Amino acid sequence: MVPFSFAGESFCPSADGALFWPAEQALLVADLHLEKASWFARFGQFLPPYDSHATLTALAAEVERTGAKRLYCLGDSFHDRFGCERLPATARELLSTLTAKLDWTWIVGNHDPGFADHCGGRIEEEVEIGGIILRHEAVREEPRPEISGHFHPKLRLHLKGRHVSRRCFVTSPAKIIMPAFGSLTGGLDAHHPEILGSVGSNAAALVPVSDRLLRFPLAA
C-alpha cells in the first residue's frame, strides 16, 4: 500500500477500495451494499446470492493485511435498512467475528437509514477523528477535512483502443471520496460534475496498482 498525505496525516489506499490510517490503526471502507442481491431478488431480478460473503471475505483480508484495530464503514453498508436481517448464516458469522475483534463503527448512509445492527458495532451519523470528519456523503460547504463515500467513483479511460475502468479515490486538499468496497456495486465516472462539485478544485483520481499509486488530475 503506497501512502499519500491528507490533512497532515498519512493514508494508505488499497486496490480493493479500503483506506488504512496507520496513526489511528483504523481501516475505512464505504458502500459495502451488503445483501444487494437479496434485495433485487424480492422484485424478481435474481443475481448470484454470494455478494455479502464475498465482500466480507475481502474485508477480512484487508483487516488481516493492515493489522487494523478500528474499522469505520462510511454508510450504505447494507443495500437497504433491513439488509442486516437477511444476512445468510455464513456471512453473519463472518461479520460477527469481525465486529467482535475490532472497534467497529457503522456510519449511516442514504440506503440504510434507521437500520438496526444485529452483528455488533455501534451506529453513528458521522464521526470526527483528529479534526477529520467521516461521513457518508460529502458536504460541499464543510470547512473541515472530510472523508466520505456515496458516489462509488471509478476512473474510466480509453487506452490503446481498450476501455479501462478502475475503482479510484477522488481527492482534493480538503476532501477524499472513497470508492465502493462492495462486490456488487457499480460506479460513477470520476469526472462527473456531482463528484467534482463535491470535492472542489485541484481534484485528482488516485488509483492504487501493485506497488504504485497512480494520480490523474481531474478538470472541473
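Trainee: Why is Cys73 called buried?

Mentor: Cys73 has a relative accessible area of 1%. Buried means under 20% relative accessible area, exposed means over 50%, and partly exposed is in between (1.4 Å probe, protein chains only). The value for Cys73 is therefore on the buried side of the cut-off. Before we go on, some ground rules: this is a predicted model, where local features need pLDDT of at least 70, side-chain atom pairs count only at pLDDT 80 or more, and totals for chains, interfaces and linings use all residues. Residues are numbered from 1 along each chain as its sequence is written, and side-chain values use heavy atoms, with hydrogens and water left out.

Trainee: What makes Cys168 buried or exposed?

Mentor: Cys168 has 0% relative accessibility, so Cys168 counts as buried. Across the chain, buried residues make up 48% of the 220 residues.

Trainee: How many disulfides does the rule give?

Mentor: The count comes to zero. The rule asks for a pair of cysteine sulfur atoms within 2.5 Å. In general, a disulfide is a covalent bond between the sulfur atoms of two cysteines.

**Strands and a helix**

Trainee: How many helices and strands are in the chain, and what makes a stretch count as one?

Mentor: The chain has four helices and 17 strands. Helices (H or I, at least four residues) and strands (E, at least two) are DSSP runs, numbered from the N terminus.

Trainee: What is the order of the strands in the open sheet of seven strands?

Mentor: The order is β1-β2-β3-β4-β5-β6-β7, and the pairing is mixed. Strands of a sheet pair through backbone hydrogen bonds, either parallel or antiparallel.

Trainee: What makes β1 and β7 edge strands?

Mentor: β1 (4–6) and β7 (122–124) each pair on one side only.

Trainee: Which strands does helix α2 lie across?

Mentor: Helix α2 (residues 51–66) lies across β3 (19–21), β4 (26–29), β5 (70–74) and β6. Helix α2 runs at about 155° to β4. Axes are lines fitted to C-alpha atoms, for helices over the stretch in contact, and angles run from 0 to 180 degrees between N-to-C directions.

Trainee: Where is Trp21, and what does Trp21 touch?

Mentor: Trp21 is in strand β3. Not counting residues up to four places away in sequence, Trp21 touches Glu9, Ser10, Phe11, Ala26, Ile129 and Ile132; contact means heavy atoms within 4.5 Å. With a relative accessible area of 1%, Trp21 is buried too.

**Salt bridges around Arg135**

Trainee: Why is the meeting of Arg135 and Glu126 called a salt bridge?

Mentor: A salt bridge is a side-chain nitrogen of Lys or Arg within 4 Å of a carboxyl oxygen of Asp or Glu. For Arg135 and Glu126 the N to O distance is 3.0 Å, so the pair qualifies. Arg135 also meets Glu142 at 3.2 Å and Glu146 at 2.5 Å. Arg135 lies in the loop between β9 (132–134) and β10 (146–148) while Glu146 is in strand β10, so this pair ties together parts that are eleven residues apart in sequence.

Trainee: Which of these side chains are buried and which are partly exposed?

Mentor: Arg135 is buried at 8%, Glu142 at 11% and Glu146 at 0%, whereas Glu126, at 36%, is partly exposed. The rule gives ten salt bridges in total. Glu126, Glu128, Arg135, Glu142, Arg144, Glu146 and Lys175 are linked in a network of them.

Trainee: What makes the phi of Ala7 worth a remark?

Mentor: Phi of Ala7 is near 55°, a positive value in a residue other than glycine. Most residues other than glycine have a negative phi. Ala7 sits in the loop between β1 and β2 (9–13) and is partly exposed, with a relative accessible area of 38%.

Trainee: What is the phi of Gln25, and where is Gln25 found?

Mentor: Phi of Gln25 is near 50°, and Gln25 is in the loop between β3 and β4. Its relative accessible area of 40% makes Gln25 partly exposed.

How values were computed: Pairing = 2+ DSSP bridges.
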